[in-house]
Amino acid sequence: MPVMPFRQMGGRVALVLAAAGLLSACQVGGLPADLAPIPNEVMRQVTAIGSTPASPIYVRIFKEEEEFELWKRRPDDTYALLDSYEICAWSGVLGPKFAEGDRQAPEGFYTVGQAQMNPNSSYHLSFNIGYPNVFDQALGRTGSNLMVHGACSSAGCYAMTDETVEIIYALAREAFRGGQRSFNVHAFPFRMTPENFASHWGDPNMPFWLMLKEGYDHFEVTRRVPDIEVCELRYVFNAEADGAAFIATEACPDYRIPEDILAPLTAKQEADEEAFQIALAELQAEAGIVVANERGDGPATLLVAAFIAPAEPVDLTANAAGEQDPDPVTQMIFDRFFTR
């Protein structure tokens with residue numbers, strides 16, 4: 001029997017060892033990573049919030065805080081926060097994704113079906129969040145393969161550690177097994193608080209972010225994932241239109257928001273507006289800027305009201321010396337509202 005040369009034998013041994021290493025990297029406790037059970041500690045968390053492993057899930061992402069929230073549905077159909085996980089890496093800057101190759105992580109409202117789960121990902125485990133959605137497509141935005149995945153490396157995706165993505169994947173898998181057909185992933189630039197809006201005042205993405213806040217607020221006051229439609233190139237939430245169709249690029253049909261949602265929603269937004277005015281005034285005072293207009297309204301009144309019902313432009317700002325010298329960033333934001 002011929003003897004295999006040592007160099008060739010060594011090469012085969014190296015290949016076998018390499019293959020074994022790859023296999024072990026994709027397995028957890030002897031199981032493929034996508035089939036690993038939900039960890040016992042997480043199971044205890046599920047029970048503690050009154051949910052079950054098979055109950056539906058919901059995801060919220062906050063770029064600036066680098067937080068990935070995972071929520072579970074309870075028997076009363078409301079959602080409770082299961083846990084918040086650190087996002088290991090995301091790419092780009094605050095703001096939506098516009099085009100293929102811009103390396104920008106998306107912001108908006110997305111849906112993940114079972115076919116979007118990838119157990120054979122090059123990044124350990126992954127799922128496609130569903131960008132571009134109907135809203136993105138209506139605006140001509142492009143991109144593909146925008147994922148939540150492991151490996152802690154991002155080129156437009158939201159990257160987690162391998163350990164964290166295994167937990168998320170297992171929770172999604174069990175929710176699908178329990179009958180959930182798809183789960184929602186809502187990605188925000190930051191937590192939609194008045195203070196955060198004040199700190200980002202003047203950003204050209206403000207109109208888009210205010211629209212995202214509307215959906216954020218619907219969940220905050222109901223703890224139910226809002227129904228989302230797109231019309232007039234904008235998102236609308238929990239809209240009842242008596243069966244009329246919502247078409248992304250056409251005028252919205254007549255619709256109403258149920259009163260049991262509208263009342264707490266309005267109360268929250270009024271409270272947020274007041275808090276925003278206070279926070280913004282404090283920031284502007286620190287910067288030596290005084291904001292005023294013809295009616296004496298604070299900027300938040302105009303900011304929110306103009307987005308919902310555009311008004312005529314008004315005198316915007318005066319500097320600390322009292323001279324009428326409009327701040328160009330503030331002028332730009334108001335122009336975007338009043339001329340849309």
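The model is predicted, with local features needing pLDDT of at least 70 and side-chain atom pairs counting only at pLDDT 80 or more, while totals for chains, interfaces and linings use all residues. Residues are numbered from 1 along each chain as its sequence is written, and side-chain values use heavy atoms, with hydrogens and water left out.

Q: What makes Cys88 and Cys152 a disulfide?
A: A disulfide is a pair of cysteine sulfur atoms within 2.5 Å, and the S to S distance between Cys88 and Cys152 is 1.7 Å, so the pair meets the rule. Cys88 sits in the loop between E5 and strand E6 (89–90), and Cys152 in the loop between strand E10 (147–149) and strand E11 (158–159), 64 residues apart.

Q: Why is the disulfide of Cys88 and Cys152 called left-handed?
A: The torsion about its S-S bond is about -70°, so the disulfide of Cys88 and Cys152 is left-handed.

Q: Why is the disulfide of Cys231 and Cys252 called right-handed?
A: These two cysteines have sulfur atoms 1.9 Å apart, and the torsion about the S-S bond is about 90°, so the disulfide is right-handed. Cys231 lies in strand E13 (residues 228–231) and Cys252 in the loop between strand E14 (234–237) and helix H7 (259–287), so the pair ties together parts 21 residues apart in sequence.

Q: Why is Cys88 called partly exposed?
A: Buried means under 20% relative accessible area, exposed over 50%, and partly exposed in between, for a 1.4 Å probe and protein chains only; the relative accessible area of Cys88 is 30%, so Cys88 is partly exposed, and Cys152, with 34%, is partly exposed as well.

Q: Why does Cys252 count as buried?
A: Its relative accessibility is 14%, so Cys252 counts as buried, as does Cys231 at 0%; Cys157, with a relative accessible area of 9%, is also buried.

Methods
Helices (H or I, at least four residues) and strands (E, at least two) are DSSP runs, numbered from the N terminus.
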